[in-house]
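Hello,

Here is the structure I promised to pass on. Have a look at it first, and then read my notes below.

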Amino acid sequence: MPQTAAILLKDLRFGWRKNLPEVLHIADLEVPRGERIFIGGASGSGKSTLLALLAGVNLPTQGEVRVLGEAINRLSGARRDHFRSDHIGFVFQLFNLIPYLSVLENVTLPCRFSHLRRQKAIEAGGDLQTEAMRLLTHLDMAHESLIHRPVTELSVGQQQRVATARALIGAPEIIIADEPTSALDSDMRQAFLRLLFQECDDTGSTLLFVSHDRQLASLFERHIALDEINQADQEGQ
Amino acid sequence: MAILSLALKSLFNRRYTAGLILISIALSVSLLLAVERLRVESRNSFAHTISGTDLVVGARSGSINLLLYSIFRIGDATNNISWKSYKKFAEHDLVKWTIPISLGDSHKGYRVMGTNQDYFRYYKYGNKNSLAFNQGQPFEQVYHAVLGQEVARELGYQVGEKIIIAHGAGKTSFTMHDDKPFEVVGILEPTGTPVDRTVHVPLEGIEAIHKDWIGGRQVAGLKISAEEALEKNLTPKAITAFLVGLKSKIATFRVQREINDYRKEPLLAILPGVALQQLWDMMGVAENALLVVTVLVVFVGLIGMLTVMLAGLNERRREMAILRSVGARPAHILLLVTGESLLLSLIGIALGLLLLYSGLLLGQPVIESRYGLHLPIGIPSMREWIILGLVGTSSLIIGLIPGYRAYRYSLSDGMSMRI
Ligand SMILES: Nc1ncnc2c1ncn2[C@@H]1O[C@H](COP(=O)(O)OP(=O)(O)OP(=O)(O)O)[C@@H](O)[C@H]1O
Ligand SMILES: [Mg+2]
């Protein structure tokens, strides 16, 4: 059986509301499994919007979004939410963590919503806590003093590493990172990316990395400029 | 369940505000339950102010009026009953016992009631309870008195105390029967009825202190000392009212009709149970007003919860977006936020019950001894469960408001981070 692409977009169109201009029009985009992709583009060009479409949080007005071979735009809302929790891990820009949960609870959060990732995590580590600790150790976040601190007291870089462990737990096929490094200084940025790459390689995950920091683009296997592949009229912007 | 444990943790994270909401809900719920319990018990005890008495008889007037002055010692009789009429019915074939009542005098604001020893034998209140003595015994001589519990407590009287009876009712009566003091020989146990506020003396005592009085005035020059009065005939010429116990309840209406149709004197016989019910219904408005106020207090508590939940919602949009990104459905978000309100109110209700029962445990002996009102500490009644159910349901409905808003936010925001 030939491996289906991680992501396949066909003639995708999206506008936030009927009376607003179209934000995205992408004729064709394919991302093979295991690839590390950098998605660049100006602010407001629709990068986050594209990620929301890939995650099945928003639906395209037209066209097809295939993730791991599944046409998620044809799934029901509940199935899409389920699909997302099973197969996609997220890291966002800032304040990624649920303030009232501990570090470990934040890391294992996806396992509350996805049975599949829960099982994979338990298979990998023996139990959820051990697996979470293993990931945190890889990210150099497993110190006793850090683990038991309220997440709101962690530094931005530490928060990003906890969020990364959360995205990675249960080895989802796709990791989506929306400007995860924009709040980090350049040294931390490099270190963070190294860790992220290593983890994705270990699990064979596909990485979609959004940023407007072009310097980072060279570190990735492939580089997509959203402004170039997006055919939507941007004159209103 | 995963979402409810999140809700608990989120509440714990905001434990100071959540604690304040809990306190207000717990207080209002326990207040509501306490008012309900007091209402039911006071209605109960009111309906049992007098029991075992089949008829109350007085001069013809309104039945509520008769009940008020004969049982509650409120207001005055318009007329007396002649001793002859009383005797006639006291010796009636169907009548088992009677208790004569003679009112009109007072002691420091407490009504003085002339009666005979049958009062201690036959008078019943509550669940057919007889009067019991805390100290001493029933009166035996003309100048003896038996005090209700409140009279003794408020005035600090003991057995052996000499008391002076004032002519007429009211605290400010200036004419005293100070030539004929009465000796306290007994103090009753609390009953929670007007008996507690009554000074009981023999009918002969009432007669004796009025021997030198004619038409409500002490007749100058006609001084009769306490000892001299004892020599005279002390059978009263009239009494205020009397209570009747029948040999068989079946005869109640027959005897009632006979008394009401009595030719020689206009009399009125009433069934105390019926009159008590009428009286309570008249007071029902106040009772309901109290209940409405406490229901509103609970409502205010829930509105407080709504305010806090809604106010906190906007700053939680990021949290919602994160939850959505890890696979939470909008329905989960609804459940999370509504669940928080529901948890708050359920814990609040539980705390309210705890508060109620600790209050009851502490207050029950005091209330019982001071007001004679027995508040049971049993499990909540059906009505109380229904009240709790209604509080729970309203909090669920109120909790759905922020829940629905969060649901709308999570639909429109998706994973985008607002704020
Ligand atoms: N929830 C929304 N409702 C309506 N319009 C939206 C919404 N979110 C984004 N937009 C609009 O869609 C367009 C693309 O926004 P998007 O957030 O995808 O940009 P971006 O490329 O991620 O920008 P940035 O680099 O600043 O994050 C913008 O014009 C924005 O105003
Ligand atoms: Mg963006």
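A word on burial to begin with: a residue is called buried under 20% relative accessible area, exposed over 50%, and partly exposed in between (1.4 Å probe, protein chains only). This is a predicted model, in which local features need pLDDT of at least 70 and side-chain atom pairs count only at pLDDT 80 or more, while totals for chains, interfaces and linings use all residues. Residues are numbered from 1 along each chain as its sequence is written, chains are lettered from A and ligands numbered from 1 in the order in which they are written, and side-chain values use heavy atoms, with hydrogens and water left out.

Let me start with the rings. Rings of Phe, Tyr and Trp (its six-membered ring) pair if their centres lie within 6.5 Å; planes under 30 degrees apart are stacked, over 60 edge-to-face, and the rest tilted. Over all chains, the search finds 18 aromatic pairs. One of them is the edge-to-face pair of A:Phe14 and A:Trp16, with 5.2 Å from centre to centre and 80° between the planes. A:Phe14 is buried at 4% relative accessible area, whereas A:Trp16 is partly exposed at 37%.

In chain B, the rings of B:Phe120 and B:Phe133 form a tilted pair, because their planes are at 45° and their centres 5.5 Å apart. This pair links distant parts of the chain: B:Phe120 is in helix H5 (residues 118-122) and B:Phe133 in strand E7 (residues 133-136), 13 residues apart. (Helices, H or I with at least four residues, and strands, E with at least two, are DSSP runs numbered from the N terminus.) B:Phe120 is buried, with a relative accessible area of 10%, and B:Phe133 is partly exposed, with 23%.

Next come the salt bridges, each a side-chain nitrogen of Lys or Arg within 4 Å of a carboxyl oxygen of Asp or Glu. Over all chains there are 26. In chain A, A:Glu35 and A:Arg222 meet in one of these, at 3.3 Å from N to O. A:Glu35 lies in the loop between strand E2 (24-31) and strand E3 (36-40), and A:Arg222 in strand E9 (residues 222-225), so the pair ties together parts that are 187 residues apart in sequence.

Which residue forms a salt bridge with B:Glu36? The partner is B:Arg39, with the closest N and O atoms 3.2 Å apart. B:Glu36 is buried at 1% relative accessible area, and B:Arg39 is buried at 12%. B:Glu287 and B:Arg43 also meet in a salt bridge, at 3.7 Å from N to O. B:Glu287 lies in helix H10 (residues 272-313) and B:Arg43 in helix H2 of chain B, so this pair ties together parts that are 244 residues apart in sequence. Through shared partners, salt bridges join B:Glu36, B:Arg39, B:Arg43, B:Glu287 and B:Arg383 into one network.

Finally, where the chains meet, the contact (heavy atoms within 4.5 Å) takes 24 residues from chain A and 24 residues from chain B. The count between the two chains is 2 salt bridges, including the one of A:Asp81 with B:Arg324, whose closest N and O atoms are 3.0 Å apart.

Enjoy exploring!
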